[in-house]
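Have the sequence and the 3D view open side by side. We will walk through the strands and helices one step at a time.

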Amino acid sequence: MRVRQPGKVRDGLWLLGREESCVYLLEGSETSMMVSGGMSYILPDLLDQFKVFEIDERRITKHLILHAHFDHVGVIPFLKRRNPALQVYGSARAWELLGTDKVIRTINQFSRGAANRMGRERVYESYDLDWDDQITGQTVSEGDVIRLGDLSVRVLETPGHSTCSITAYVPEMKALFASDGGGIPYKDRIIASGNSNFTNYQESLERLKKLDVELVCADHYGYITGNEAKRFIRESIESAKNERALIEETYRKSRDIKKAARELTEGFYRGGGDYLIAPEIFEGVYRQMVRHIAGAMGGEGA
């Protein structure tokens, strides 16, 4: 079952933010941690939810970045400035990217663009949401465990959606936080999003299927429970196989990366016009995926 409404998932776990841009709160016996950073424009919703759900923000001492794309780090600048003692965790590659001028400019540009697209551009008049190179934190890698008291957050390196993607798994809850690296549960389908390296994305999914999962906490469009959660990664693997076949078929028709990406984007939005990412950004994502898969087909498009 898919749940998209913010609120309590179970004891010690909350879904916060908005349907299309989710963040999670883990409440351990000793401290609390936010998982993922969402879109910048969800900040007013998040602050309201702290009040409505009677969440003690003072207990939140940690924040985990699952990857460094603009739509997954948006509230972190404000929260870090609000509480300089907040410990922010991310992969080594994430911190490398987040300290790069070009990446910072892209995050801020795309974040403002998303706010405008959602009619929430005025959020920037009230809050300091821009990322800058003064925001730093701690590095986590494969096998690391972040302890919150009675909860342990285990880190797996799962590249493919991005070069900096990691996954968090909480065995006490059998809860998986794979961000977009686990597939995106949009409407009644799973979007395969092997943006940076589709082959690595598929390999990472194969690793994740070995975990005992009863909750899939996605960064977009809510969380999944029950039998659907148990089979979600297997279905993501199948979705990735189908998407790769479609990309190969589309590319073969023209042998042109840009044309193939445009055709794939148009096809996607015919069935997903309200998807959170703007078509021009999504077309850029498809270009990356087509380029990688074309190269894997025999050096084409490399």
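What follows is a short tour of a sheet, a pair of helices and a group of strands.

Keep in mind that this is a predicted model.

β2 pairs with β3, residues 13-18, in the antiparallel sense. Three bridges hold this pairing in the count. To find one of them, go to R10, whose bridge partner in β3 is L13.

β9 covers residues 145-147 and β10 covers residues 152-157. They run antiparallel and are joined by three bridges. Within this pair, I146 has V153 in β10 as its bridge partner. Four residues lie between the two strands of this hairpin. In the hairpin, G149 takes a positive phi near 100°. β10 also pairs with β11, residues 166-170. That pairing is antiparallel too, with four bridges.

Helix α7 has 29 residues, 226-254. How far apart should its ends be? At 1.5 Å a residue, α7 should span 42 Å. The end C-alpha atoms are 43 Å apart, which agrees. Still, α7 has a kink of about 50°, centred on F232. After α7 comes R255, with a positive phi near 55°.

Then there is α8, residues 257-270. Two packed helices are described by the angle between their axes and the distance between the axes. For α7 and α8, the axes come within 8 Å and cross at roughly 130°. The two helices are therefore oblique to each other. The crossing is right-handed. Which residues meet there? From α7 come L246, I247, T250, Y251, K253 and S254. They meet I257, K259, A260, E263 and L264 in α8.

Definitions and conventions: Residues numbered from 1 in each chain as written. Predicted model: local features only at pLDDT ≥ 70, side-chain atom pairs only at ≥ 80, totals over all residues. Heavy atoms only, no water. Pairing = 2+ DSSP bridges. Expected span 1.5 Å × (residues − 1). Bend = angle between axes of the 7 residues up to and from the residue. Axes fitted to C-alpha atoms, helices over the stretch in contact; angles between N-to-C directions. Parallel < 35°, antiparallel > 145°, perpendicular 65-115°, else oblique. Left-handed = near helix turned anticlockwise from the far one by under 90°. Contact = heavy atoms within 4.5 Å.
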